[in-house]
Amino acid sequence: MSSSPAVLMRLMASAFAVAERAGGIVRDILKTGDLGIVEKTGANDLQTKADRLVQQCICSSLTRMFPKVTIIGEEDLPSHDVEENLIESGQFEEILQRVCPGEYSGVREEELVVWVDPLDGTKEYTEGLLDHVTVLIGIAYEGKAIAGVINQPFHNYELGPSASLGRTLWGILGVGSFGFELREVADGRRIVTTTRSHSNQLVTECVNAMEPHQVIRVGGAGNKIIQLIEGKASAYVFASPGCKKWDTCAPEAILHAVGGKLTDMHGKPYRYHKDVKHMNSAGVLATLRDFEFYASRVPEAVKQALKSD
């Protein structure tokens with residue numbers, strides 16, 4: 001008789017199914033035309049009905065199936081009963097069929113921390129920049145991002161109303177990353193992707209120090225990591241506080257599972273224990289390849305301004 005899949009693989013299989021459900025919620029709310037927008041700390045920090053319902057869907061669904069897992073979501077929502085139609089109990093069979101890496105095979109529920117960004121790129125969602133929008137579910141063990149799911153609710157939307165929308169990417173360290181075609185930027189070009197709405201002098205100085213051939217300014221940490229793994233950008237450079245742990249946990253795991261690297265601007269990895277501070281205070285530097293080259297070009301003034309956690 002075969003043994004039950006490891007906790008990590010079951011949690012990931014559930015996270016995939018929940019992320020797919022979440023993507024559907026995001027699309028359905030956009031169709032209604034009533035996004036229910038509220039400002040949290042200002043015009044660049046918004047919350048919509050999609051943020052609220054998706055977080056309820058993800059957190060409640062995973063808590064019901066894995067009650068001992070710590071789940072930390074971006075939105076500070078009041079505690080109340082969640083409607084049953086928001087609960088997703090399915091699991092993605094392909095993940096359950098994979099062999100769990102030996103180092104994670106004995107991990108217990110209570111040792112895992114899940115970081116949830118229900119709608120990464122909320123501002124872009126409200127502005128109709130739909131390809132920037134992602135749903136992020138990251139899984140950490142012993143403070144390290146080891147697995148992640150990224151749902152792109154509007155993938156293919158530019159193909160028109162008849163297109164099949166949405167896709168889900170996933171990755172586990174020691175297993176790999178799936179749901180996309182891994183590509184590198186051609187001909188050694190330095191293409192930097194960075195923020196479109198949270199720039200400042202430090203961000204600009206650091207981007208310029210990379211001597212890029214091209215700069216892409218887009219929303220969403222998840223979206224930027226997808227650009228790296230699909231060969232649309234060679235480095236993600238954000239020399240400023242702003243990103244939080246729920247922004248980077250899932251993307252970092254997917255990037256690392258294919259040989260990439262994500263750190264702060266000092267080259268120091270972020271930690272994802274349940275009691276860490278949520279802000280990534282020292283910015284984000286990420287690449288699929290040639291990390292040391294980009295890290296070596298971070299100006300000392302940037303490092304002095306951004307202290308590591």
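Let's start with two neighbouring strands: select β6 (residues 144-152) and β7 (residues 167-172), which run antiparallel and are joined by six bridges. Keep in mind along the way that this is a predicted model.

In which order do its six strands lie? Follow them as β3-β4-β5-β6-β7-β8, an open sheet with mixed pairing. At its edges you will find β3 (70-73) and β8 (176-178), each of which pairs on one side only. Neighbouring strands here are turned against each other by 15° on average, ignoring direction.

Next, select helix α1 (residues 7-32), which packs on this sheet. Show its partners too: α1 touches β4 (112-120), β5 (134-141), β6 and β7. Compare directions, and α1 makes an angle of about 30° with β6.

For the last stop, select helix α6 (residues 221-229) together with helix α7 (residues 245-256). Two packed helices are described by the angle between their axes and the distance between the axes. Here the angle is about 15° and the axes are 9 Å apart. Angles under 35 degrees count as roughly parallel, so α6 and α7 are roughly parallel to each other. The crossing of α6 past α7 is right-handed.

Finally, show the side chains where these helices meet. From α6 come Ala221, Gly222, Ile225, Leu228 and Ile229, and from α7 come Asp247, Pro251, Ile254 and Leu255. Of the residues in this contact, seven are nonpolar, one is polar and one is charged.

Conventions: Residues are numbered from 1 along each chain as its sequence is written. This is a predicted model: local features need pLDDT of at least 70, side-chain atom pairs count only at pLDDT 80 or more; totals for chains, interfaces and linings use all residues. Side-chain values use heavy atoms; hydrogens and water are left out. Two strands pair if DSSP finds at least two bridges between them. Helices (H or I, at least four residues) and strands (E, at least two) are DSSP runs, numbered from the N terminus. Axes are lines fitted to C-alpha atoms, for helices over the stretch in contact, and angles run from 0 to 180 degrees between N-to-C directions. Contact means heavy atoms within 4.5 Å. Angles under 35 degrees count as roughly parallel, over 145 as roughly antiparallel, 65 to 115 as roughly perpendicular and the rest as oblique. A crossing is left-handed if the near helix is turned anticlockwise from the far one by less than a right angle, and right-handed if clockwise. Ala, Val, Leu, Ile, Met, Phe, Trp, Tyr, Cys and Pro count as nonpolar, Asp, Glu, Lys and Arg as charged, and the others, Gly among them, as polar.
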